[in-house]
Amino acid sequence: MADHTLKPEVFELNNGSMQVKITNYGAIITSLSVPDKHGNWADVVLGFDSVEPYVKGAAPFFGCIVGRVANRIKDGKFSLDGVEYTLPINKPPNSLHGGFKGFDKVVWEVAEYKKGENPSITFKYRSRDGEEGYPGDVSVMATYTLTSSTTMRLDMEAVPENKPTPISLAQHTYWNLAGHHSGNILDHSIQIWGSHITPVDQNTVPTGEIMPVKGTPFDFTTEKKIGASINEVPGLGYDHNYVLDCGEEKSGLKHAAKLKEPSTSRVLNLWTNAPGMQFYTGNYVNGVVGKGGAVYGKHSGVCLETQGFPNAINQPNFPSVVFSVE
């Protein structure tokens, strides 16, 4: 008989020019080390030295895959096929990132683990009907692969088994290309291939409007420093969904963002087939003690969460996140 007591473990993907550590708890990237222009290695993602702090809930979604539905659902309510669903309000007054125990807080099964020059790991999780208030069973798969010396690819697939359900998965890594312990990311520059955002109300839920970024502090259509106009953004910083509408496409993926760190010359290019990307500047990170005793404060990392639009389930003019049984 199969042993169903899955336990959190850490796995390494290493191709000689990138070293990535990933745990099957939440499919979390716990570290990602790459060299800078001088060949000095640094770990460029926020996180912890062991699995325990993640399991104890110390992380504000560091490195994980969030689901069943990423981002906020207004008032934790939606209706589908005439049925009203109520979700846990884990970020009052809304439901955030799948609820109290989303995909980031479960142990995934390791379906496959391959070493070699294109190492990969595949995680599987079966989300049950009614879990965190969502309808129907869903089988989820996530595969991380080092596809070249400088490229990591994440393929995510979720299949509803018996009921239509909203599904929107996102990868929630906090990046700091100078090294996870190097302070804030306000000197990083970024270009985002989104000429619109979905503006939000006072509870960070989109109003339904689609607003051009031109002439606003949200305009990153040409490269600019993250800190350049962050003080003009209402609230604590950026925490907004960009409509990815102007990036070039290659092999079915759109160029979403290019993040650069001046002192090390490290550059991260992000490509996706998702319609949106949450640009989040770590506004709520507040004295979290991470790897090697590093203390992560506000703006210590930046998240580029490719996703379906937030609260799309309640916004008919947003691209649908509802999937039905095939």
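Okay, so by partly exposed I mean a relative accessible area between the buried cut-off, under 20%, and the exposed one, over 50%. Keep in mind that this is a predicted model.

Let's start with Arg126. At 33% relative accessibility, Arg126 counts as partly exposed. Its side chain meets that of Glu161 in a salt bridge, 2.6 Å from N to O. That pair links distant parts of the chain: Arg126 sits in strand β11, Glu161 in the loop between β13 and β14, and they're 35 residues apart. Glu161 is partly exposed too, at 32%.

Next, Lys163 and Asp129. Their side chains form a salt bridge at 3.1 Å. Lys163 comes out at 32% and Asp129 at 39%, so Asp129 is partly exposed.

Then we have Asp201 with Lys74, a salt bridge at 3.9 Å. These two are 127 residues apart, again in distant parts of the chain. The count for the model comes to nine salt bridges.

Asp219 lies in the loop between β19 and β20. What does its side chain make a polar contact with? The side chain of Thr221, at 2.5 Å. Beyond its sequence neighbours within four places, Asp219 is in contact with Val213, Lys214 and Lys224.

Conventions. Residues are numbered from 1 along each chain as its sequence is written. This is a predicted model: local features need pLDDT of at least 70, side-chain atom pairs count only at pLDDT 80 or more; totals for chains, interfaces and linings use all residues. Side-chain values use heavy atoms; hydrogens and water are left out. Helices (H or I, at least four residues) and strands (E, at least two) are DSSP runs, numbered from the N terminus. A polar contact is a pair of N or O atoms within 3.5 Å; within protein, one must be able to donate a hydrogen and the other to accept it, and residues adjacent in sequence count only if both atoms are side-chain atoms. Contact means heavy atoms within 4.5 Å. A salt bridge is a side-chain nitrogen of Lys or Arg within 4 Å of a carboxyl oxygen of Asp or Glu. Buried means under 20% relative accessible area, exposed over 50%, partly exposed in between (1.4 Å probe, protein chains only).
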